Amino acid sequence: MKLPEIRRFNMDDELFICSQCGYCSAVCPAFKELTARWESAGPRGKLLFTKNLFLGKDNINKTFAENVFKCSLCGYCKEVCQVSIDLVTFWQSVRAEVFRNNLWPTPLHDLKASMQEEHNVYNMPNEDRTIWSFEVEDLVEEHLNSDAEIGFFVGCVSSFTGRLASIPEAFIKILDNLSIDFTLLGEEEWCCGSPYFLSGAFPLAKELAEHNIKKFEQLGVKTLITTCAGCYRGWKEEYSHLGLELPFEVKHAVEYLAELIDTKKLKFKRVQDIKATYHDPCEIGRLSGVYEAPRKILRSILHLDFIELPKVKQDCKCCGGGGVLKITNPELALKMGLKKIEEVESLGVDSVVSACPACYLNMEEAIREKNSKVKMLDITQIVAQALDL
Ligand code: SF4
Ligand code: SF4
C-alpha cells in the first residue's frame, strides 16, 4: 500500500482536494524565512510531492524528508486553506511516513534515544526533574506525590532549563498563596510524548502517556494543569489518537487562572507598571482556541498597559519555537523568532508575555541576538509578580 500513514490519518482524499491555490505557501512563516525559497520547500509544493508519492510517480527521499521538517506546525496554513484541509494533522501524517521510511533528521534520533533512556528530551537523569525547584524546595517536597485533586504537570523544558525554573516556581507559589492543594510527580514525571507526536512517531509516545496517566490517576487527580502549550496539546488532544482515555480533565494554567479570576479567588494586589503585549502560542492558540483566558488575566492586572500585536489569535505569527523546528532547524527557528521580536518592538512595549516555555526560549534567544530591550515573560511570572510573590 502506498503511504499507509497518510491513509491511517484519513488524509489520502485531501491530496486530491487540494486545488494548489498556494494560499498556504503565501502565509507560511517558515517558508518566508528560507534562504532558498524553492516551491518544493513550501506547503503547496510538499503537498503536491506527497500526492505524487501516493500515485507512485515519485519515491520518498532525503530532500523531501528535510523539507517536511522545515515547518513549525503552527497551523497558519490550515487557517487559510480554502478547502479546509486539516493541514496540521496532514503534516504529522507526512512526518509519520518519513519516520516509517527511516528518513528522520539526525537530531531526532538523539531525541528518541534520550526519551527512551531518560524519559525526558534533554538526556538528563530523570531523578533531577525537580532541579528547577531550588527556590521552593519545601513546597515541592510537601506536595510531591501527595494525594490531591489538582495535578501539576511541569514538562521537560521548564524542568531542565535553568532560566525557566521561575515558570513552575511561580505557578506553585500562586497555588500555595491561594491555599490550593496540588500534587506533582517529580522524578516519576515522564516526558508527555509531544516531541513524538510532532515528529510523526505516535506509537512511541504510548508508554510515556500510559505511565503519566497511571501516576496521576493513582493520586486521585481530577484536574491536570500544565504551564506548557505543547504538553497541553499532547495531553488534551494527542493522547486520544493513541486510543487512551483520560480519567481527569486537562487545563492550561491560563484557563485555570482565568477561572480563579471569574470566581473572585484570584485578586491582584500589586500594581504593575509595565507596557506589555501577548504572543499566542500556536498550540494553545490557533491549534486549541484558547484566546480569551490569557487576555482576561492580563487585563485584570491593574496598571498593566496591555497592547495587542498587529496579528493576534488565529492570525498570530508563529515565533518559530514549536513543531520540533528548534531541534531539526535551529537557524530557521531563530530567524522566525527575530521576525516576531521585530513585530513586538514595533509596538514600543517593555515586555512580551507568552504562555509556553518553548516560545519563551526561542523569543528570548531572538531578543539576545537582536540586542533588544524587550523583556521576555511567562504569564505565570507576571501573575506571581502581581500577587507580590
Ligand atoms: S504549519 Fe505553519 S510552518 Fe508548517 S507549513 Fe503550515 S504555515 Fe508553514
Ligand atoms: S491552501 Fe489548501 S488548497 Fe490551497 S494549496 Fe494549500 S493545501 Fe492546497
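Figure 1. Strand β4 (residues 274-278) and strand β6 (residues 351-354) run parallel and are joined by 3 bridges. The model shown here and in the other views is predicted. Strands of a sheet pair through backbone hydrogen bonds, and the pairing can be parallel or antiparallel.

**Figure 2. The open sheet of β1, β2 and β3.** This sheet has 3 strands in the order β1-β2-β3, and their pairing is parallel. β1 (150-153) and β3 (249-252) stand at the edges with a single partner strand each, so one side of each has no neighbour in the sheet. On average, neighbouring strands of the sheet are turned by 30° against each other, direction ignored.

**Figure 3. Strand β2, strand β3 and the helix that packs on their sheet.** Strand β2 (residues 223-226) runs parallel to β3 and is joined to β3 by 4 bridges. In this pairing, L224 has V250 in β3 as its bridge partner. Helix α15 (residues 229-241) packs on the sheet and touches β1, β2 and β3. The direction of α15 makes about 160° with that of β3.

**Figure 4. The packing of helices α12 and α21.** Two packed helices are described by the angle between their axes and the distance between the axes. For helix α12 (residues 166-177) and helix α21 (residues 379-386), the angle is about 45° and the axes are 8 Å apart. The crossing in which α12 passes α21 is left-handed. From α12, the residues in the contact are S166, I167, A170, F171, K173 and I174, and they meet T380, Q381, V383 and A384 in α21. Sorted by class, this contact has 6 nonpolar, 3 polar and 1 charged residues.

**Figure 5. The surroundings of ligand 1.** Ligand 1 is surrounded by 14 residues, the closest being C28, A30, C71, C74 and C77. The elements that give two or more residues to this shell are α4 (29-32), α7 (76-80) and α8 (87-100). The largest share, 3 residues, comes from α4. By class, the shell around ligand 1 has 12 nonpolar and 2 polar residues, and no charged ones.

Note on methods
Residues are numbered from 1 along each chain as its sequence is written. Chains are lettered from A and ligands numbered from 1 in the order in which they are written. This is a predicted model: local features need pLDDT of at least 70, side-chain atom pairs count only at pLDDT 80 or more; totals for chains, interfaces and linings use all residues. A residue is near a molecule or strand if its C-beta atom, placed from the backbone, lies within 6 Å of it. Ala, Val, Leu, Ile, Met, Phe, Trp, Tyr, Cys and Pro count as nonpolar, Asp, Glu, Lys and Arg as charged, and the others, Gly among them, as polar. Axes are lines fitted to C-alpha atoms, for helices over the stretch in contact, and angles run from 0 to 180 degrees between N-to-C directions. A crossing is left-handed if the near helix is turned anticlockwise from the far one by less than a right angle, and right-handed if clockwise. Two residues are in contact if their C-beta atoms, placed from the backbone, lie within 7 Å. Two strands pair if DSSP finds at least two bridges between them.
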